[in-house]
Amino acid sequence: MIRFLLGKFVMAFLTVFITTILVTGLIHLVPGDPVQIMFAQSQGSTPEQIEEVRRNLGLDKPIYIQYFMYVEKLFQGDLGYTIRGGQPVIEVIFQRLPNTLKLACAAMIIAISIGLPIGFFAAYKKGTIWDTIVMIIAIAGISMPHFWLGLILLFFFALQLGWLPVSGSGYMNLVLPALTLGLSNAAIFARLTRSSMIDVMQQDFVQTALAKGLPKGLVLRRHVLRAGLVPLITMMGLQFAFMMGGAIVVENIFSWNGVGRMAVEAIFQRDYPIIQGFILTFAVVVVIVSIFLDTIYAFIDPRIRRG
Amino acid sequence: MSEKLNNEKLKTKNQSFFIRLLSTPNGLIGLTIVIILILSAGFADFLAPFSPTKMGVGKRFLPPNLEFILGTDEFGRDMVSRILFGSRLTLMIGAMAVGISMTTGIIVGLFAAYKGGWLETLLMRSTDILFSFTETLIALSCVAVLGPSLTNAVIAVGIAGIPFYARTCYSAALVEKAKPYFEASIACGASHSRLVFMHLLPNVLPTMIVIATLGVSTAILAAAGLSFLGLGAQPPLPEWGYMLAGSRDYINRAPWLMTIPGIAIALTVLGFNLLGDGFRTALDPVERQR
Amino acid sequence: MNESIILSVKNLNVSVKSKGTVSQIIHDLSFDVKRGEILSIVGESGSGKSMTAKAILRLLPENSSVSGKVIFENKNLLDLNEKIIRKIRGAGIGMIFQEPMTALNPVLSIGKQMTEALVINSVCNQSEANERAVEMLNRVSITEPKKRMKQYPHEFSGGMRQRMMIAMVMLIEPSVLIADEPTTALDVTIQAQILDLLSSLVSETKIGLVLITHDMGVVAETADSVLVMYEGKEVEHAKVNQLFKKPTQPYTKSLLAAVPRLDVKTFENGSISKTSTIPLVKINQVSKTFSKDKFLFFDSWKTIALDKVSLEINFGETVALVGESGSGKSTLGRAIVKLVNIDSGNIIIDSSNINSPNPNDLQKLRSNVQIIFQDPYSSLDPRFSVGRSIAEPILIQKKCSRSEAKDRVSILLKSVGLTDEMASRYPHEFSGGQRQRVAIARALASEPKFIVADEPTSALDVTIQAQILKLLNNLKNERNISLLFITHDLAVVRQISDQVAVMCEGKILEKGPTNCVLGNPQNAYTKSLLEAAPYPDPEKRKKLKRKSDLKSFNTGPLIEIANNHWAAS
C-alpha cells in the first residue's frame with residue numbers, strides 16, 4: 001500500500017510541476033506580443049507602463065529564468081498581479097475559490113446521492129422495463145448540455161415561479177447552480193454505477209454466494225455493492241474534475257462568484273496572470289482531491305492494502 | 001471420430017454489420033437522427049427559407065408561427081434557417097475536433113504500445129497528467145492563448161480530447177499485442193509497419209470508431225459550451241451554443257429562443273450517443289449491453 | 001426408494017431461450033447419487049454437464065426453462081419456491097466451481113466468507129462459526145488457519161483457494177456435494193491433492209459427491225460410477241470399472257480411445273533420419289529474468305524464468321518439454337522463436353545463432369522456425385481471412401508470387417484436413433479444433449525445419465486433441481520436421497515424443513529419451529509428476545496416500561545417468 005500511495009504522490013507532484021512549466025510557457029504560445037495584447041484591452045497606457053509590466057513578468061529574460069522567477073514567487077505565495085486592477089492574483093483567487101468549491105461539493109453530493117442509487121437499481125433490475133426506463137433517462141441526461149439545463153432551471157424556478165433568486169452568493173443561491181451541475185452528472189454517475197455493478201454481478205463469486213444459500217438481497221448488499229464500490233471511488237475523482245470544469249460554465253449562467261467566472265472574464269480581458277493562477281489552482285485542487293480519493297481507495301481495497 | 005471432423009459445420013454468423021446495427025433500438029434511432037442531421041446540414045441551402053444571418057426578415061421576437069415556423073430572434077432573424085445552418089456548423093465542429101483528437105491520439109497510442117520502453121512510459125505518463133487537467137481546462141487554456149474564435153475553439157476541443165483517445169488506443173493496442181496472432185506474425189518475420197498497420201490498427205479501429213462516435217457528442221457539447229461562454233463562435237455565426245448564450249437576456253420575453261437551440265444540441269448529442277452505443281453492440285455482439 | 005440414494009434426478013429437460021429461438025440443452029437426463037459414493041459426470045465441452053449441476057440447484061439463468069424431477073429429501077426441488085430452495089442450497093446440496101481465482105469475493109476476508117452462511121441462517125453465532133471454520137481449515141490441510149481467517153483471497157495460490165472453497169462448503173454440512181471441474185484450472189500435483197481431499201471427505205462423512213469433469217484420468221482415479229454425456233444426453237451410465245473395461249456405446253469407446261495413456265504408445269514415429277550428427281537446435285545455458293521496474297522504482301518485481309537451460313534437438317525428432325505453470329517452458333519456447341530475448345547463453349539453430357546481427361540469419365530463422373500457440377481463439381487475426389493468415393509467412397518471406405501463394409494455401413489447407421474453399425472464410429466461422437488446424441497450416445507455410453508447439457491441444461476437447469496430435473505427428477514424419485512439444489500432460493508426452501525434458505522453476509531437472517525418463521525417473525520432482533498424473537484405468541488406481549508435499553528435490557547441474565539420460569544432481 002505504501003508503494004501504491006507513494007507512486008500516486010509522485011505523480012501528483014509531477015503533475016503540479018508540469019503545470020507550472022506549462023503555465024509559464026503559456027504566455028509564449030500566444031501569437032503575437034502578449035503584453036501588447038494585454039494592453040489592447042485597456043486604454044491609455046504609456047510605453048513605460050508596458051515596459052514595466054514586461055519587466056515584472058520577466059518577459060524580457062530567457063525562458064528558464066522566467067520559470068525560476070515564477071516558481072520562486074510561487075513559494076512566497078505570490079502569483080503576480082492582475083493587469084486590470086493590479087490586485088494580487090492570489091487574493092482574487094482565494095476570495096472566490098471557496099465559492100467554487102462549495103458549488104462543486106454540493107453538486108457532487110447531489111450527483112452521487114441521485115446517481116448511485118438509480119444506477120444500482122437499474123443494475124438490480126437489469127433487463128426489465130425499469131432498467132430500460134432508467135437508461136433512457138440517463139442517456140437523455142447525458143445528452144443535455146448542462147448550460148441549457150441551467151437556463152431551463154433558471155427560467156422555471158427563478159423567473160416563472162420565483163422560488164429561488166437569480167443570482168447572488170447566499171445559500172439559497174447555491175441551489176440552482178448546484179442542481180444544474182449535479183443533475184447533469186447524476187446521469188453519468190448512474191451509468192457508471194450500473195456498469196460497475198453489472199460487471200460485478202457477472203463475477204463467479206456471486207454464484208458461489210448464491211450457491212451457499214445466501215438470500216439475493218444480502219448478496220447484493222454485502223458482496224456486489226462492496227466489490228462494485230471500489231472501482232467507483234477512482235471514478236469519483238475524475239467526476240470531481242469534470243465538475244470543476246462544469247462549474248466554469250454554471251457560474252457564468254447564475255453569476256455565481258467563483259473562480260470559473262473569474263477565469264472567463266480574464267480570458268476576455270487577456271489578463272494572463274489571472275489565467276495562469278487559475279490554471280495552477282485548478283490543477284492543484286484536482287490533484288489534492290485525487291490523492292484524497294486514492295488514499296481512500298488504498299484503504300478500502302484489500303488487494304492494495306495488504307499487497 | 002473422424003466423422004465428427006468432416007461434419008463440423010462452419011458457423012456462418014455472417015450477418016451483415018449494418019443489419020446488426022439496425023437491429024438494436026439504440027443503433028436505429030441514433031442512425032436516424034444522425035442521418036437527418038447530415039441531410040439538414042448538407043441541404044441547408046435548399047431547405048432554409050431565409051439567410052441565417054440576415055437581420056430583420058421578420059419582426060423581432062416573433063413566437064413560432066406559420067411564416068416563421070420556429071420564430072425569430074432578437075435581431076429579427078429566422079430561427080429555422082439559423083438552426084439548419086447551425087447543424088452544418090455543428091457537424092463540422094464535431095468532425096474536425098474528433099478528427100484532430102483521434103488522429104493524434106491513435107498515433108500516440110499506437111507508438112506507445114508498440115515501441116514500449118521509455119517512450120511508452122513517457123507518453124503514457126504525459127497523457128495521464130494531461131488527463132487530470134480535464135478537457136474543459138485544456139480547452140479553456142487553448143482559447144486563452146489563441147483568442148476566442150470558433151476555429152480556435154475547435155482546435156482547443158480537439159487538443160483537449162487527445163489524452164482520452166491516446167489512452168484508449170494504447171490499452172486496446174496492448175491487448176492485441178499480447179494475442180498469439182500478433183506473435184505469430186512476428187515469428188513469420190513481419191516488418192514493423194506490417195505489424196502496426198495490418199494487424200494492430202485494423203483491430204484497434206473498431207473500438208476507436210465507437211469511442212469517436214461517442215466523442216463527437218462530447219466535442220459538440222464542449223464547443224457549444226465554449227461558444228456559450230463567448231469564447232467560441234462569434235456573431236453572427238448561427239452556432240447553437242452561441243444562440244443559447246444570446247437567449248439568456250430574453251428568457252422571459254422569448255422563451256423559444258432558449259428552448260429551440262437547446263433541443264437541437266440535445267438531440268444531436270443524443271443521436272451520436274445512441275449511434276455510438278449501437279456501434280459498440282454491433283461490432284461485438286458478445287458484449288453485453290451496458 | 002433405496003435408503004442410500006440421497007439425490008435422484010429423473011427426466012431432466014433444460015432448454016434455453018435466446019433471441020427468439022429455443023434450444024434444448026439437456027434431454028431427458030436421469031441418474032441417482034448414493035450416500036458415500038462418487039458419481040462422475042463426464043463429457044466434452046457442450047455436453048451439458050455444468051448446466052445439469054446448475055439445474056439441480058436452480059441456479060440457471062433466467063431465460064431457461066426446466067422440467068422433470070429432482071428429488072432430494074423426499075421433495076421435488078423443481079417444484080419448490082425460492083425461499084425453500086435457498087435453505088437447501090449450501091445446507092442440503094453444496095457446490096464448488098472451477099475457477100478458484102474468481103470464485104471468492106476479493107474484498108471480503110476469508111473468515112467472513114466462510115462463516116456468513118452459518119450466521120445468516122442462524123445455525124450458530126459468529127464466534128462459534130469462527131471456531132468451526134478454523135477446524136474445517138485444519139481438516140483441509142491449511143496451515144495456520146486462525147491467521148488465514150483474517151486474510152484475503154488474493155494472498156493465496158489457486159490450490160489453497162480451492163481447499164478453502166471446499167472447507168467453506170463443507171462447513172455448512174451438505175449431504176450432497178457437486179463439484180464442477182474443481183481441478184481443471186490447477187497444476188497436476190495440486191489436482192492430485194484436491195482429489196484426494198475430496199475422496200477422503202466422502203469416505204469420512206458419507207456425503208454423495210457429483211464430480212463433473214472432462215478428464216477421463218480423473219474419472220478413473222476417483223469415481224465409483226460414471227455418467228457419460230454428449231450433447232445434453234446420457235450416453236452411458238455404469239460403474240467405473242465396467243465403463244473402462246467394457247464400454248458399450250460407440251461414443252464412450254471413442255472417448256476412451258482418444259485419451260492419451262502413459263503406458264501405451266499409440267503413435268508411430270518415423271525412423272529418425274539422422275541426416276547429420278549435429279543437432280538441429282542447440283540451446284546452451286540460456287537464462288532469462290523478467291523484471292518490471294516501474295518508473296521511480298515502485299512496484300517492481302523480478303522473476304527468474306529460465307536458469308541456465310541447456311537442451312538439444314536433433315533433425316526430425318520430437319522433444320517434449322514438460323512442466324507445471326511457472327516452470328518456464330513457454331518462455332523457452334518463445335525464446336527459441338525470438339519472441340523473447342534471452343539474457344545470457346545462446347541458441348543455435350541450423351548452425352546459426354539466433355542472435356546473430358546478420359539480417360540474413362534472422363530471415364533464415366524466421367523461415368526455419370515456426371510456432372503454434374495454445375489458444376486457438378486468438379491465434380488467428382480475426383480480420384484476416386484464413387487463407388490470408390496462412391499465406392502471410394509465404395508473402396513476407398517472398399517465397400513465391402502472389403498467385404502461386406494461393407495454390408500453396410490450398411495445398412496446405414488440404415494437408416491439415418480442411419478444404420480449400422475455406423480459405424476465404426474468417427476465423428470466427430470455425431471451431432477451436434479447426435482453427436488449430438489453420439494455425440498448423442500457417443506454421444507449415446514457410447516450410448520450416450523446426451516447429452515449437454506451445455500446448456497446442458490443452459484448450460481442446462480430448463477427441464479433438466487426439467486428432468490434432470495425430471495430424472501433427474503425421475505431418476512431422478512426412479516432412480521430417482523437428483518438434484518441440486510443450487505440455488503439462490505426461491500422457492501426451494508418452495504418445496508423441498522421442499525425448500523429454502522436465503522443467504521446474506526455470507531449470508531442467510531431468511531429460512532424456514522418453515522411455516527412460518518416464519520409465520525410470522531419477523529426480524524426485526519427475527517422480528511426483530508421474531505419481532500425480534491421473535491414470536485412465538481404475539484398476540490401477542493408486543491407493544497410496546499421496547501425501548507428497550514435495551519439499552525438496554535436486555536442482556543442481558545435470559549429470560548423465562545412462563545413455564543420454566540426464567538428471568539434476
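## The sheet of chain C

In this predicted model, chain C holds an open sheet of four strands in the order β2-β1-β4-β5, paired antiparallel. The edges of the sheet are β2 (21–34) and β5 (75–76) of chain C, each of which pairs on one side only.

Within the sheet, strand β1 (residues 5–18) of chain C runs antiparallel to strand β4 (residues 64–72) of chain C, and eight bridges join the two. One position can be picked out: V16(C) stands opposite S64(C) in β4(C).

## The make-up of chain B

Chain B has 12 helices and zero strands. Read from the N terminus on, its elements therefore run α-α-α-α-α-α-α-α-α-α-α-α. Along the principal axes, the C-alpha atoms of chain B fill a box of roughly 85 × 50 × 30 Å.

Of the 290 residues in chain B, 51% are buried. Among the contacts in chain B with a separation of 6 or more, 68% are between residues 24 or more positions apart.

## Where chain B touches chain C

The contact between these chains takes 23 residues from chain B and 30 residues from chain C. On the side of chain B, the elements that give two or more residues are α1 (2–7), α9 (180–188) and α10 (192–228). The largest share, eight residues, comes from α9(B). By class, this side of chain B divides into 11 nonpolar, six polar and six charged residues.

## Where chain A touches chain B

Here the contact takes 39 residues from chain A and 33 residues from chain B. Several helices of chain A give two or more residues to it, including α1 (2–29), α8 (171–201), α10 (216–253) and α12 (272–300). The side of chain A that touches chain B has 33 nonpolar, six polar and no charged residues.

## Two helices of chain A

Helix α11 of chain A is also among the elements that give two or more residues to the side touching chain B. Inside chain A, helix α11 (residues 259–269) packs with helix α5 (residues 89–124) at an angle of about 130 degrees, their axes 7 Å apart. Because of that angle, α5(A) is oblique to α11(A).

On the α5(A) side, the residues that meet α11(A) are V92(A), I93(A), R96(A), L97(A) and T100(A). Their partners in α11(A) are V259(A), G260(A) and M262(A). By class, the contact of α5(A) with α11(A) has five nonpolar, two polar and one charged residues.

Key: Residues numbered from 1 in each chain as written. Chains lettered and ligands numbered in written order. Predicted model: local features only at pLDDT ≥ 70, side-chain atom pairs only at ≥ 80, totals over all residues. Axes fitted to C-alpha atoms, helices over the stretch in contact; angles between N-to-C directions. Parallel < 35°, antiparallel > 145°, perpendicular 65-115°, else oblique. Contact = placed C-beta atoms within 7 Å. Nonpolar A, V, L, I, M, F, W, Y, C, P; charged D, E, K, R; others polar. Pairing = 2+ DSSP bridges. Buried ≥ 20, exposed ≤ 12 C-beta atoms within 10 Å, placed from the backbone.
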